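Hi everyone, thanks for coming. I'd like to walk you through a structure today, so please have a look at the sequence and the model before I start.

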Amino acid sequence: MYRRLSLLGLRCIVLLFGLAACGVQAQEQQQEKQPDQPLDGAALTKQKGCVYCHGEHLEGTEGKAPSLRGVGLRRDKTFIEGQIRNGGQSMPPFGEALTNEEIQTLVQYLSQMKEAPAKTSTDAKQRPGKKH
């Protein structure tokens, strides 16, 4: 009787380990099929260094770069994309440093920034009538 129970117990253990291994293997295969999720615009601004010049919350930094808050009110997508790709107005070009997909993600993200930026000392130093 003990032999029959231990044999049955051994079969159950082998079966459980087998099922667990199949589940792990299936999960690994599913993860391999799913490509890395692209970063959203906010994450890209941090990963690609936009925050170094434009500030942690894109509020602008004195002496480096203007606020990007509300840039969707001031500029259209074509301008934003050109500024990212080609640089200008003291901004270096990023057309070769970013993929087209990353640029489009940033353009979409920035063009949706429609809230008016808070007034900062950086804004006061900009020439009147000059758009950034």
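Now some housekeeping. This is a predicted model, where local features need a pLDDT of at least 70 and side-chain atom pairs count only at pLDDT 80 or more, while totals for chains, interfaces and linings use all residues. Residues are numbered from 1 along each chain as its sequence is written, and side-chain values use heavy atoms, with hydrogens and water left out.

So, the overview. The chain has seven helices and zero strands. Of its 132 residues, 23% count as buried. The chain exposes about 9800 Å², and carbon and sulfur atoms supply 58% of that; accessible areas come from the Shrake-Rupley method with a 1.4 Å probe, and for residues only the protein chains shown count as cover. As for contacts, meaning heavy atoms within 4.5 Å, take the ones between residues at least 6 apart in sequence: 55% of them join residues at least 24 apart.

How confident is the predictor? That's the pLDDT, a score for each residue from 0 to 100. The chain averages 77, and 58% of the residues score at least 70. Confidence is highest in α5, at a mean of 97, and lowest in α7, residues 121-125, at 46. Over residues 121-132 the pLDDT is below 50, and beyond near neighbours in sequence that stretch has 17 contacts in the model.

Let's zoom in on α6, residues 100-111. This helix has 12 residues and reaches 16 Å from its first C-alpha to its last, close to the 16 Å expected at 1.5 Å a residue. The expected span, by the way, is 1.5 Å times one less than the number of residues. Which residues of α6 are buried? They are E102, I103, L106, V107, L110 and S111. They cover an arc of only 155° around the axis, so they sit on the same side of α6; the arc is that of the directions from the helix axis to the C-beta atoms. And what do the buried residues of α6 pack against? The answer is α2 (41-47), α4 and α5 (77-86).

S111 deserves a moment. It's in α6, and it counts as buried because its relative accessible area is 7%. Leaving out residues up to four places away in sequence, S111 touches G72, K77 and I80. S111 and L73 are 38 residues apart in sequence, yet their C-alpha atoms are 7.8 Å apart in space.

On to α5. Its buried residues are I80, Q83 and I84. These cover an arc of only 95° around the axis, which puts them on the same side of α5. T78 and N86, on the other side of α5, are exposed. The buried residues of α5 pack against α4 and α6.

After α5 comes G87, with a positive phi near 70°. Most residues other than glycine have a negative phi. In the loop between α5 and α6, though, we find Q89, which isn't a glycine and has a positive phi near 50°. S90 lies in the loop between α5 and α6 too, and its phi is also positive, about 75°, although it is not a glycine. Buried or exposed? Q89 is partly exposed at 41% relative accessible area, whereas S90, at 75%, counts as exposed.

D40 is in the loop between α1 (2-33) and α2, and it is partly exposed at 48% relative accessibility. A polar atom of the D40 side chain lies 2.8 Å from the backbone nitrogen of A43. D40 and Q108 are 68 residues apart in sequence and 9.7 Å apart in space, C-alpha to C-alpha.

Finally, S67 is in the loop between α3 (50-54) and α4 (71-74), and at 4% relative accessibility it counts as buried. Its side chain has a polar atom 3.0 Å from the backbone nitrogen of R69.

Conventions: Helices (H or I, at least four residues) and strands (E, at least two) are DSSP runs, numbered from the N terminus. Buried means under 20% relative accessible area, exposed over 50%, partly exposed in between (1.4 Å probe, protein chains only). A polar contact is a pair of N or O atoms within 3.5 Å; within protein, one must be able to donate a hydrogen and the other to accept it, and residues adjacent in sequence count only if both atoms are side-chain atoms. pLDDT is the predictor's confidence in each residue, from 0 to 100.
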